[in-house]
Amino acid sequence: MPVTSKPRPRERRRPPHNGDVLSPEPKYAKLGEEVQRFDSLRALPIGLSEQARSQSSEALNRVLADSTVLYHLYKKHHWLVAGPTFYQLHLLFDKHADEQLEIVDLVAERVQLLGGIAVGDPRHAAELTSIERPPDGAEDVPAMITRLLKAHEALIRGVRVAIELTEQNKDWGSNDLLMSDVLRRNELQVWFVAEHIVDIPLVDEE
Ligand SMILES: [Fe+2]
């Protein structure tokens, strides 16, 4: 006996709601109504106390703000660098900017998974950063390098504080991120940048 399947009911389009007429136009939302405030915390089940998640989010956001500003400082110097070392510094600064951008993403996503709100706007980052603002114009190359090294040190100091805090709170995920991804990468970048202001000639003058 042949098996016959029931015919599927035809899918119907939902009728217009409350007399609305369907429209292809975008429906713009009202702006400025927050669903989560910056200094508040969502409860995500990762086995960490609210206090630990809150303190980690705050410390990570400071690191995030510094990393965002350092990313832009590298880009500024990538564009403005000049002179006989232009090519190598132009490339090095861009490489370091890319690496800072990776750090920005890692730290921001860590803040989100802790239940916090990551600093996402550069103007917000500028309010929180510990890195000094450079002049809007161009400095010479030794000043650019010195400024980058000072920026790294300000960032690294904050990272060390955050590492201690996350260790006390047993937030090992943040602790590992700060040590493996943020601290080590920044220390390495410091080395690569600092070697450019060591006054050693290539060939001894007789
Ligand atoms: Fe470029």
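Guide: A helix axis here is a line fitted to C-alpha atoms over the stretch in contact, with angles running from 0 to 180 degrees between N-to-C directions. Helices are DSSP runs (H or I, at least four residues) numbered from the N terminus. This is a predicted model: local features need pLDDT of at least 70, side-chain atom pairs count only at pLDDT 80 or more, and totals for chains, interfaces and linings use all residues. Residues are numbered from 1 along each chain as its sequence is written.

Visitor: At what angle do the axes of α4 and α5 cross?

Guide: Roughly 160°, and the axes come within 10 Å. Angles over 145 degrees count as roughly antiparallel (under 35 roughly parallel, 65 to 115 roughly perpendicular, the rest oblique). So α4 and α5 are roughly antiparallel to each other. On the α4 side, the contact (C-beta atoms, placed from the backbone, within 7 Å) includes I145, L148 and L149, and on the α5 side S174, N175 and L178 are among the residues involved.

Visitor: How do α1 and α2 cross?

Guide: Their axes come within 8 Å and cross at roughly 160°, which makes α1 roughly antiparallel to α2.

Visitor: Which residues of α5 are buried?

Guide: Buried means 20 or more other C-beta atoms within 10 Å of a residue's own (12 or fewer is exposed, in between partly exposed), with C-beta atoms placed from the backbone. In α5 those are S174, L177, L178, V182, N186, Q189 and V193. Their cover includes α1 (50–80), α2 (86–113) and α4 (141–168).

Visitor: Where does α5 bend?

Guide: A bend is the angle between axes fitted to the seven residues ending at a residue and the seven starting there. For α5, that's about 30° at L178.

Terms used
Helix = DSSP H or I, 4+ residues; strand = E, 2+ residues; numbered from the N terminus. Contact = placed C-beta atoms within 7 Å.
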